[in-house]
Amino acid sequence: MKCVEGLALMMHYYPECPQPELTLGTSQHADSDFLMVLLNDQVSGLQVLYQNQWVDVPSVPGALVINIGDLLQLVSNDRFISAEHRVVVNSCRSRVSVACFFRSRLSNTSGELYGPIEELVFEENPPKYRTTTVKEYVTLFNSKGLDRTSVLLHFRV
Ligand SMILES: O=C(O)CCC(=O)C(=O)O
Ligand SMILES: [Fe+2]
């Protein structure tokens, strides 16, 4: 499916903040890719939204965090649900993380179409999303900004 041909790398530096309750490192969002692999240092800060509560993701030395992104939710027809997450800052320690986003290449001019995969769609479980291209999806994601609403809603049928 060429889902993971493209790799985007993002490196984050979150400086320590004397009043962490007044700010956020990264505000709430789900990633706009298929899968994200995250490496971070010993300083925790990543939180995942679980049953309407923010839960700390512990920082385990040598471990990688794997995040399901919106596009995997779309092609799996909600079999996999993307993780809403955010990053809080620390009052005395800075934090570094490296996020690797896997998705098809944005420069792919063939405009590969992605929609719920056939094997997961049947009469009692019809497609929940229309097809889209990664380019269309990411363009909408980037233009919308992190406003706490899911881009997936625009593709719901
Ligand atoms: O820094 C982190 O732990 C997460 C960063 C993140 O969510 C992102 O780059 O999309
Ligand atoms: Fe993210």
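**Reading a predicted fold**

Trainee: Leu7 sits in strand 1, residues 6-14. Is its side chain buried or exposed?

Mentor: Keep in mind that this is a predicted model. Then look at relative accessible area. Over 50% counts as exposed. Leu7 has 53%, so Leu7 is exposed.

Trainee: Now Trp54. Where does it lie, and how do I class its accessibility?

Mentor: Trp54 lies in strand 5, residues 53-56. Its relative accessibility is 26%. Buried means under 20% and exposed means over 50%, so Trp54 counts as partly exposed.

Trainee: What does Trp54 touch?

Mentor: Leave out residues up to four places away in sequence. Trp54 then touches Gln28, Gln47, Val48, Leu49, Glu84, His85 and Arg86. Take His85: it is 31 residues from Trp54 along the chain. Yet the two C-alpha atoms are separated by 8.2 Å.

Trainee: How do I read such contacts for the whole protein?

Mentor: Take contacts between residues at least 6 apart in sequence. Of these, 78% join residues at least 24 apart.

Trainee: Next, Asp33. Where is it, and what about its charge partner?

Mentor: Asp33 is in the loop between strand 2 (26-29) and strand 3 (35-40). Asp33 is buried, yet it has no salt bridge. The nearest side chain of opposite charge is Arg103, 6.5 Å away.

Trainee: What surrounds Asp33?

Mentor: Again, skip residues up to four places away in sequence. Asp33 touches Gly69, Asp70, Leu71, Leu72, Phe101, Phe102 and Arg103.

Trainee: Now the overall fold. How many helices and strands are there, and in what pattern?

Mentor: Two helices and ten strands. Along the sequence they run β-β-β-β-β-β-α-β-β-β-β-α.

Trainee: Why call the radius of gyration consistent with a compact globule?

Mentor: For 157 residues, a compact globule would have a radius near 15 Å. The protein has 17 Å, which agrees. Its C-alpha atoms fill a box of roughly 55 × 35 × 30 Å along the principal axes.

Trainee: How much is buried, and what makes up the surface?

Mentor: Of the 157 residues, 38% count as buried. The accessible surface comes to about 9,300 Å². Carbon and sulfur atoms account for 56% of that surface.

Note on methods:
Residues are numbered from 1 along each chain as its sequence is written. Chains are lettered from A and ligands numbered from 1 in the order in which they are written. This is a predicted model: local features need pLDDT of at least 70, side-chain atom pairs count only at pLDDT 80 or more; totals for chains, interfaces and linings use all residues. Side-chain values use heavy atoms; hydrogens and water are left out. Helices (H or I, at least four residues) and strands (E, at least two) are DSSP runs, numbered from the N terminus. Buried means under 20% relative accessible area, exposed over 50%, partly exposed in between (1.4 Å probe, protein chains only). Lys and Arg count as positive and Asp and Glu as negative; His and the chain ends are not counted. A salt bridge is a side-chain nitrogen of Lys or Arg within 4 Å of a carboxyl oxygen of Asp or Glu. Contact means heavy atoms within 4.5 Å. The radius of gyration is taken over C-alpha atoms; the globule rule is 2.2 Å times the number of residues to the power 0.38. Accessible areas come from the Shrake-Rupley method with a 1.4 Å probe; for residues, only the protein chains shown count as cover.
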